[in-house]
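Subject: Structure for your review: charged side chains

Dear colleague,

Please find below the structure that I am handing over to you. My notes on its charged side chains follow.

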Amino acid sequence: MTVLVLLASVLVAAITVYQYKEEAEEYHRERLERKEERIRIAINNALKSTTYEVKEENVMLIFRENNRIYQISEEHTLPINIYSLSGKLLIKSEETFVSDTIDIQLDSIIINRLSKKYEKRYLGVSEKDGEHFLSSYTYIEDDRSKPLAILNLPYLEDDNFFSRELWESLTRLGQVYLLMLLVAIMFAYFLSKYITRSLKTISDTIDQTRLDKRNKRIKIGNVGEEIYSLVNAYNSMIDELEESAAMLAKSEREAAWREMAKQVAHEIKNPLTPMRLTVQSFERKFDPGDPNVNQKVKEYSDTLIQQIDTMSSIASAFSNFAQMPAQKNETLDVVKVVRLALDIFNEGYIIFPSEKEEIIAKFDKTQLIRVVTNLVKNGIQAIHEDQTPKIMVNVFTEKENVVITVADNGIGITEENKNKIFEPKFTTKTSGMGLGLGMVKNIVETYNGSITFTSQEGKGTVFKVKFPRE
């Protein structure tokens, strides 16, 4: 809009200058024609009243008689030059204009053009010393229309009046267009803000679009057809995205449970094999008369009980992971609950120097105990027998959050395993299903919390659990 106003102002200014130039030229031509007509009448009167015979040889004498040429020039305020038919200067009036504008001899081109003109009149334009002259050339004729001489009327084009008028007009136009430009800028600003307000809403909503959460549909009032189409397209995309996300989540859950089922089946098969071999061996070698029969039956029973316990622990681990934690927002003392969770461990190297005697938060007591015990168990299992074990548990607050850290001086986590540490069924231990950390992450995130860790190989690992107090 601003550019259009600027272009319009330039175009109008150019047209105005051109119009004033055309009017000035037309004004000068018409003024010269009027003066020329009156001067020709005066010359004809002079020819009628002269005492000399009217012929070509007496033209100079006729117009010098009684200073006729000077009188006519002064009366009409215009210089007069009279040339012979061959172009030689015969007589001129007083020099009331720049003297070097009068040629002693007319150019042959002017004479030829004058003779060929039907109206026997030639109009020429010349410039000298920065001033523009409009010169008229016509024949002086006797009463029988016989040419006697050439009449030249040099007219100085004075454009001062038109220049002042042009400048005043351009000044007024400039003021008007300056006002229009300011109005256009303000109008364009508010219009663009109005237009882009809807686009800003759409842009902000698109920036907040995520695959892992429910996205809001855009609701906008009266907007243009293009914006309305864009909003409809976005809302349709959100609907399709939610459907696709639901299908993907379902597919991922099914795939995860299939993998979990395979893992559980594999883990259960491991103890079943030695159980089968033990039963077959016992059946083959059992002798009721053997004096050591009681001891062999006891060994057989111990082996079966050990394998049954292994399968029971596998089933318990799977059951604990599959059971989603209920969001019981119990008001509890986190320090007290953590201390209670640590009481089940007999290891003397577990240190719990709590900063505060009491930290009140809303959490489920049972789930919090599961989180702490799983992290401490992982720390214990990460320490080699040849190391001096140490596990440090801390509870403190950060702004509106409760933080629990569990640090060990174990073997640490390798770089290649850091991205897999919270994945279900991932484990670096020879026993277990790798469900503990996955379950901890599930519990913490259910309460809008987070779990992170830092680790160095050979030096140990620090797990950090953070969740809001309210």
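A salt bridge is taken here as a side-chain nitrogen of Lys or Arg within 4 Å of a carboxyl oxygen of Asp or Glu. Please note that the model is a predicted one. By this criterion, eight salt bridges are counted, and E398, K464 and K466 are joined in a network of them.

The closest N and O atoms of R121 and E36 are 2.8 Å apart. E36 is classed as buried because its relative accessible area is 5%, under the 20% limit.

Two further pairs deserve mention. K441 and E445 form a salt bridge at 2.6 Å, N to O. Both residues lie in helix α11 (residues 436–446), four residues apart, about one turn of the helix. K441 is partly exposed, at 26% relative accessible area, and E445 is likewise partly exposed, at 42%. The side chains of E53 and K55 also meet in a salt bridge, with an N to O distance of 3.8 Å. Here E53 is exposed, with a relative accessible area of 54%, while K55 is partly exposed, at 32%.

Finally, there is a patch of negative charge on the surface, made up of E22, E23, E26, E30, E33 and E37. Among them, E26 is located in helix α1 (residues 2–49) and is partly exposed, with a relative accessible area of 41%.

Yours sincerely

Definitions and conventions
Residues numbered from 1 in each chain as written. Predicted model: local features only at pLDDT ≥ 70, side-chain atom pairs only at ≥ 80, totals over all residues. Heavy atoms only, no water. Patch = residues over 30% accessible without salt bridge, like charges linked within 9 Å, V, L, I, M, F, W, Y side chains within 5 Å. Areas by Shrake-Rupley, 256 points an atom, 1.4 Å probe, with all protein chains shown as cover. Lys, Arg positive; Asp, Glu negative; His and termini not counted. Charge placed at Lys NZ, Arg CZ, Asp CG, Glu CD. Helix = DSSP H or I, 4+ residues; strand = E, 2+ residues; numbered from the N terminus. Buried < 20%, exposed > 50% of the residue type's maximum accessible area, 1.4 Å probe, protein only.
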